[in-house]
Amino acid sequence: MYMALDIRVVAPAKINLNLKVLPPRDDGFHGIESIFQAVSLQDVLYIRPILGKGQCLCSCDAMELPLDNTLVRAYKAFESVTRIQMPSVSVHVEKHIPAGGGLGGGSSDAAALVRGLEKLAGVKLSVSECNDIAALVGSDVFFFFSLDENGRGAALVSGRGEIVQNIDFRSDLYYLMILPGVNSSTKEAYSLVDQQYSELEKLSFPSFERLRKIYALPPQQWNFKNSFTAVLMEKYKSIAQALKLVNEAGASFADMSGSGSTVFGVFSTRESAENAMGLVKGKYYCVIAQ
């Protein structure tokens, strides 16, 4: 039961329409060249001030959250960057974005909490302050801070994820998102990419400069790719099976999001997406988002 005084904020999922992983840098991290798109699948956060100072107590109806999670890090980063001593808060996450699915749920929850803390503190953070917080929490958080007030947006994303260039958001497409039932950690996915990087370099990725133009085309003309798809399909056959199924169901374009394991198919109408879901439902958990 949530009180009228609770601050309610939504946290949208994202999908990667293109995701090229660049060779490891001197600091051990990878650069990326990607298009991120926010979709209508959303977590909901309820934030309530409680007695005390400096504590963020988290709960979630779908999973046990570790003590060190993106919400706690976001709360601490907000205090550190703004130098505002915040009241303690309880944060409850109504979870709809599958954890470990490559959909950015943890990062989006963190950005949403910061927006809620802004309301609680009566402040409006600058872009620079948001970026400073994102740098302390996680690379995908930069993108989620760039979304509009309705949680919509698309962007070209590069660097480690901190370079975000917003582009015109397409609201005319529907995404059938399928969970193949396997969890691949980001660490594992990058390790697999590193092991097979010489082979992955042979893949023909569109240039970063062309991603915006390709995004504007009908999805059946997209030639986006994801560096993680091939290596994870090889290890987890259910990902390959889900991709095959969504293509057979008539998707104009299909791939895996992020470092997996969510598979998505792109459709031009809700009716075609719903027809495809009818063919897939029962075999996998799936949901339609826009």
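**Rings, helices, strands and cores**

User: What makes Lys-14 count as lying over the face of Phe-36?

Analyst: Lys-14 lies 5.1 Å from the ring centre of Phe-36. A charge sits over a ring if NZ of Lys or CZ of Arg is within 6 Å of the ring centre and within 35 degrees of the ring normal, so 5.1 Å passes the distance cut-off. Arg-160 does it too, with its charged end 3.6 Å from the ring centre of Phe-29. One caveat: this is a predicted model, where local features need pLDDT of at least 70 and side-chain atom pairs count only at pLDDT 80 or more, while totals for chains, interfaces and linings use all residues. Residues are numbered from 1 along each chain as its sequence is written, and side-chain values use heavy atoms, leaving out hydrogens and water.

User: How many aromatic pairs turn up, and why is the one between Phe-36 and Phe-143 called edge-to-face?

Analyst: Searching the whole structure gives nine. Phe-36 and Phe-143 are 5.2 Å apart centre to centre, with 75° between the planes. Rings of Phe, Tyr and Trp (its six-membered ring) pair if their centres lie within 6.5 Å; planes under 30 degrees apart count as stacked, over 60 as edge-to-face and the rest as tilted. So 75° lands in the edge-to-face class. Phe-36 belongs to strand 2 (residues 30-53) and Phe-143 to helix 4, so the pair ties together parts 107 residues apart in sequence. Helices (H or I, at least four residues) and strands (E, at least two) are DSSP runs, numbered from the N terminus.

User: And what makes Tyr-215 and Trp-222 a pair of another class?

Analyst: Their centres are 6.3 Å apart and their planes at 25°, so this pair is stacked. Both rings also belong to one aromatic cluster, whose members include Tyr-175 and Phe-253.

User: How do you know whether Tyr-215 is buried or exposed?

Analyst: Its relative accessible area is 2%. Buried means under 20%, exposed over 50%, partly exposed in between (1.4 Å probe, protein chains only), so Tyr-215 is buried. Trp-222 is buried as well, at 6%. For contrast, Arg-83 has 79% relative accessibility and counts as exposed.

User: Which residues of helix 3 are buried, and what puts them on the same side?

Analyst: Cys-130, Ile-133, Ala-134 and Val-137 are buried in helix 3 (residues 127-137). They cover an arc of only 100° around the axis, which puts them on the same side; the arc is taken from the directions from the helix axis to the C-beta atoms.

User: Why are strand 8 and strand 9 called paired?

Analyst: Two strands pair if DSSP finds at least two bridges between them. Strand 8 (residues 253-256) and strand 9 (residues 263-267) have four and run antiparallel, so they qualify. They form a hairpin with six residues between them, and Ala-254 stands opposite Gly-265. The loop between them holds Ser-261, joined to Gly-260 by a cis peptide bond with omega of about 10°.

User: What makes a nonpolar core, and how many residues has the largest?

Analyst: A nonpolar core is a set of buried Ala, Val, Leu, Ile, Met, Phe, Trp, Tyr and Cys residues joined through side-chain atoms within 4.5 Å. The largest has 70 residues, and Leu-45 and Leu-232 are among those with the most contacts inside it. Helix 2 supplies the largest share, six residues. A second, separate core has 25 residues, including Leu-17 and Val-266.
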